[in-house]
Amino acid sequence: MAIISNSIQNNTNNSGQTPVSRTRTFRSGSSAIQLQEGQTLKGVVSDVHGNQITLSMEDGASFTGKLPDANQYSIGQKAAFQITSLDNNTIYMKAISGAYLLDMEDTVDQALEEAGLPKSDRNIDVVRSLLKNQQSISRENIMANIRLCAQYADADVDSVITMKPLNLPMTQETVKQFSNYQNQTHQLLYKMESLTDSLNDMMNSIGHQVPRLAKNVANELINLALDSALSPAEQKLTALSPDIVNEEFTDETGEVISAEETENMANAATEAEEQLTGTGEASSPLSRMRQLFSNISESVSSSLSGEAAVISEETFFIHEQIGFSLSEEGRENLSRLLADYPISDELKKGILDGTATIRDVLTELRSYFPGMENDEVSHLLTNKEFQSLIKNQFVNNWTISPEQLKEKGSMEELYQKMSQQLEQISTFSERVLGKDVFSQVSGNAADMNSNLDFMKMMNETFQYIQLPLKLQNQNAHGDLYVMTRKEALKKDPNKLKVLLHLDMDHLGTLDIQISKENTAVSANFFVSSDQTKNLLEKNIELLSDAINEQGYAFSSELALKEKDVDVVNDFIGADAPVGNITRYNFDLRA
């Protein structure tokens, strides 16, 4: 029975009198339905597609037809309609404003009952996800999605159903990665931790159980860890003071932010955005953010009591130095372990004071392997300080500093190198030992590589990259989103929206949303603490003045974060249609 919009039909006769209510019988499929004027029909909106709406009635009948503004109804919403008139094959109805929403679980139960499907956990999850994603809960669509989910039996049902309308290629691996992103377990930085921990477990197993293989494993692992170019920090190391690498400012939480680093952070966001969008149109206003961060770096050390900032007298190490990876006690332990090694006095001193680089230590140790016994190398493999050096060398290879991020193509180079090393690690056991006896290592490496492949696939439509950042005193996870879709950016390059998300150890999370339309630039800062918010408020005028001087009209807002960025729902699925539960009176003819 079709439903189309129409004005209310009064059905009065020539004398102006309202006729007596009538009853008529209509056919719906193979069933006959008896309807009466004034009768109220209740049903659930089971599908909304364009201006078409489908109502599944309580008795199992369904009505599908056209309705202007049908999207004002949501799938799963309970609607009630009163029959105002029956005329030939047309039923005139009007919506009852008292219509209400069913409880989610009631809707799920009713949908499965009407579809004649068992209320298994899997079927319930399918219908629940369809409702969540505003997709049809007709029997046909439920069945189609049950079959789809069966193809990915190990995957989360909601991930499968959410992924399908986004038109992303669906394989076992892409569905798994999509689920990771949806569940916020996608961060490369955390996966690096899992992989390097499994490498340590492998070294322990080899050292304790099969020492005859220790020399070969240690040599191959060090070769792989050192297969990377010197970082800019390593290159500059010889020109730095032996005691203090850089002047630092600290706040009461212990967060360390250098003036150079905060300036580079802003430039990093700009450069990464340009690499993604392929346009420098927005680079000028975005690059002015470095001045804001530079000023923050000078103020971040001020405590809430208003005490003056002081330069920390503590010695800070770059990530590539032994001192960053090992405590003073750890360096002493490593020094005792290597006491009988014929390494230079200069390197021994560098190990003790932390100034030697991991690369220098591993390179020299490797040179002595040919003359060492397997038992000696086994002892080295099982040493936790040595394992820490291997771990941190790999992490250094896979993270990027704000200074490096400013260089053109730096992210592509990082991901390419990371992918190559992950591929070698995933086959390490089979290649070196003859078979894959360390599946945790190969599995973690393959998972990280699949993560990179999934990001590459997404970037064909959605412009997004992870930023595994190497900051002064920590590694930090970052996400860079270009909220403007590629198609829209091609049509209007003067309209752009980007979001930089950072997770900091002490300052918490920081989201910076920057929008540009022609010469209007706005920046919304979302912070996780009042202290960070106060720091930004004190310095926001610097950013405003700098951007206005470039001929742009700048505005900004600062607020506390209410929730974390959701990669899937806030970004990938941002353009997906969302139902509106606003209700209003209208008339239907069925």
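Me: Through how many residues does a hairpin join β11 to β12?
Reply: This is a predicted model, in which local features need pLDDT of at least 70 and side-chain atom pairs count only at pLDDT 80 or more, while totals for chains, interfaces and linings use all residues. Residues are numbered from 1 along each chain as its sequence is written, and side-chain values use heavy atoms, with hydrogens and water left out. Helices (H or I, at least four residues) and strands (E, at least two) are DSSP runs, numbered from the N terminus. The hairpin between β11 and β12 passes through four residues.

Me: Over how many bridges do β11 and β12 pair?
Reply: Two strands pair if DSSP finds at least two bridges between them. Here Leu 469 stands opposite Ala 476 in β12, and Pro 468 has His 477 as its bridge partner. β11 and β12 (residues 475-482) run in the antiparallel sense, and their bridges number eight.

Me: How many residues of β11 are buried?
Reply: Buried means under 20% relative accessible area, exposed over 50%, and partly exposed in between (1.4 Å probe, protein chains only). Gln 463, Ile 465, Leu 467 and Leu 469 point one way from β11, with Tyr 464, Gln 466, Pro 468 and Lys 470 pointing the other way, and all are buried. The count of buried residues in β11 is eight of its eight.

Me: How many residues apart in sequence are Tyr 181 and Tyr 464?
Reply: Rings of Phe, Tyr and Trp (its six-membered ring) pair if their centres lie within 6.5 Å; planes under 30 degrees apart count as stacked, over 60 as edge-to-face and the rest as tilted. Tyr 181 and Tyr 464 are edge-to-face, at 6.1 Å centre to centre with 80° between the planes. Because Tyr 181 lies in helix α5 and Tyr 464 in strand β11 (residues 463-470), the pair ties together parts whose separation in sequence is 283 residues.

Me: How many aromatic pairs does a search of the whole structure find?
Reply: One cluster is formed by Phe 178, Tyr 181, Phe 454, Tyr 464 and Tyr 481. Over the whole structure, the number of aromatic pairs found is five.

Me: Which residue's backbone oxygen lies 3.0 Å from a polar atom of the side chain of Ser 410?
Reply: A polar contact is a pair of N or O atoms within 3.5 Å; within protein, one must be able to donate a hydrogen and the other to accept it, and residues adjacent in sequence count only if both atoms are side-chain atoms. Ser 410 is in helix α19 (residues 410-426), and its side chain reaches the backbone oxygen of Gln 404 at 3.3 Å. At 3.0 Å, the backbone oxygen belongs to Glu 407.

Me: What is the distance between the closest N and O atoms of Glu 537 and Lys 533?
Reply: A salt bridge is a side-chain nitrogen of Lys or Arg within 4 Å of a carboxyl oxygen of Asp or Glu. Glu 537 and Lys 533 both lie in helix α23, four residues apart, about one turn of the helix. In their salt bridge, the closest N and O atoms are separated by 2.7 Å.
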